[in-house]
Amino acid sequence: AGIAVSQHMVTFPLDLDDYVRNPATWLDMLTTFLFFVTAVVVILGRIYDYLAQSTQLLQQRARALEDKNNQLTTNVAELERTQSELRQYQEHLEDLVQKRTAKLAELTRMAQESEESYRDLFENALDLIQSVKPDGHIAYVNRAWRETLGYSEEEIQQLVVLDIVHPDQREHCRELFARVLAGDKLGRIETAFIGKAGQKITVEGDISCRFDGDRPVATRGIF
């Protein structure tokens with residue numbers, strides 16, 4: 001037995017009286033209908049489960065996206081704060097550099113003026129002033145020294161200190177030079193120079209040494 005379904009009505013292959021007279025046929029039809037309903041319910045249940053799982057998955061993804069968006073917003077805010085701090089630090093650093101540059105320029109100007117003043121003082125002093133490098137070459141002499149010994153500035157550049165020391169005093173002066181480079185305080189000394197023309201020049205004065213840390217830079221003598 002079965003059921004024929006059309007667009008407008010449901011027809012049965014047997015008359016209603018046949019169904020009443022034949023309970024087995026009616027039971028078969030009812031069983032088939034219940035099976036159909038059960039199948040529909042199972043399918044609908046699976047569809048519901050699928051939709052529920054899909055909804056849960058979409059909610060999880062939505063929460064994950066929201067978390068990422070919140071983290072991104074936090075990162076953007078942190079980045080903006082860091083950039084603001086960097087700009088402030090850069091502005092502070094530029095201002096500091098400008099101040100330090102101006103201060104350095106002022107100190108350089110003052111040092112140059114001081115050096116020029118000392119050089120002018122040394123150049124116009126009546127004493128014989130000389131500076132000698134550790135290797136013995138003459139680094140500086142003033143005008144009184146040049147005029148007294150008779151050497152030009154060009155000639156002095158080719159001299160070592162023992163060239164202008166009288167032969168009688170060279171060994172003694174070599175010893176004094178080594179001692180002052182070692183840091184000894186010599187006090188007042190007497191020695192003799194020899195001028196370009198061969199004249200003996202007896203001098204008396206003080207010798208000291210300028211150091212850079214433990215390294216001797218140059219001796220200074222005033223006679």
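Predicted model: local features only at pLDDT ≥ 70, side-chain atom pairs only at ≥ 80, totals over all residues.
**Entry 1: overall architecture**

I looked up the secondary structure and recorded 5 helices and 7 strands. Read from the N terminus, the order of elements is β-β-α-α-β-β-α-α-α-β-β-β. I then checked burial: the protein has 223 residues, and 20% of them count as buried. For contacts with a separation of 6 or more, I noted that 39% are between residues 24 or more positions apart.

**Entry 2: the enclosed space**

How many cavities of 30 Å³ or more does a search of the whole structure find? I recorded 1 cavity at that threshold. The largest cavity has a volume of about 170 Å³. Its lining consists of 17 residues, and those closest to the centre are Gln130, Val161, Cys173, Phe177 and Ile207.

I next asked which elements form this lining. At least two residues each are supplied by strand β3 (129-132), helix α5 (170-181), strand β5 (188-194) and strand β7 (215-222). Helix α5 gives the most, with 4 residues. Sorted by class, the cavity lining holds 12 nonpolar, 4 polar and 1 charged residues.

**Entry 3: the largest pocket**

I turned to the open sites. The volume of the largest pocket is about 370 Å³. Of its 14 lining residues, Phe122, Ile129, Ser131, Tyr140 and Arg220 are the closest to the centre. The elements supplying at least two lining residues each are α2 (23-123), β3, β4 (138-141) and β7. I note that β3 and β7 also supply at least two residues each to the lining of the largest cavity. The classes in the lining of the largest pocket are 7 nonpolar, 3 polar and 4 charged.

**Entry 4: the second largest pocket**

The second largest pocket holds about 180 Å³ of space. I listed its lining as Arg119, Glu123, Ile138, Ala139, Tyr140, Val141, Arg146, Glu153, Ile156 and Gln157. Two or more of these residues come from each of α2, β4 and α4 (153-156). Which element gives the most to this lining? It is β4, with 4 residues. By class, I recorded 5 nonpolar, 1 polar and 4 charged residues in the lining of the second largest pocket. Tyr140 is in this lining, and Tyr140 is also among the residues closest to the centre of the largest pocket.

**Entry 5: glutamate 123**

Glutamate 123 is located in helix α2. Is glutamate 123 buried or exposed? Its relative accessibility is 18%, so glutamate 123 counts as buried, the cut-off being under 20%.

I then looked up the partners of this side chain. The side chain of glutamate 123 makes a polar contact of 2.8 Å with the side chain of tyrosine 140. A second polar contact, at 3.1 Å, links the side chains of glutamate 123 and arginine 146. Setting aside neighbours within four places in sequence, I found glutamate 123 in contact with Tyr140, Val141, Asn142, Arg143 and Arg146.

How values were computed. Residues numbered from 1 in each chain as written. Heavy atoms only, no water. 1 Å grid on protein atoms, 1.4 Å probe; cavity = no way out; pocket = protein on both sides within 12 Å on 5 of 7 lines; lining within 4 Å. Points joined across faces, edges and corners; volume = space filled by probe spheres on them. Nonpolar A, V, L, I, M, F, W, Y, C, P; charged D, E, K, R; others polar. Buried < 20%, exposed > 50% of the residue type's maximum accessible area, 1.4 Å probe, protein only. Polar contact = N/O pair within 3.5 Å; in protein donor to acceptor, adjacent residues only side chain to side chain. Contact = heavy atoms within 4.5 Å.
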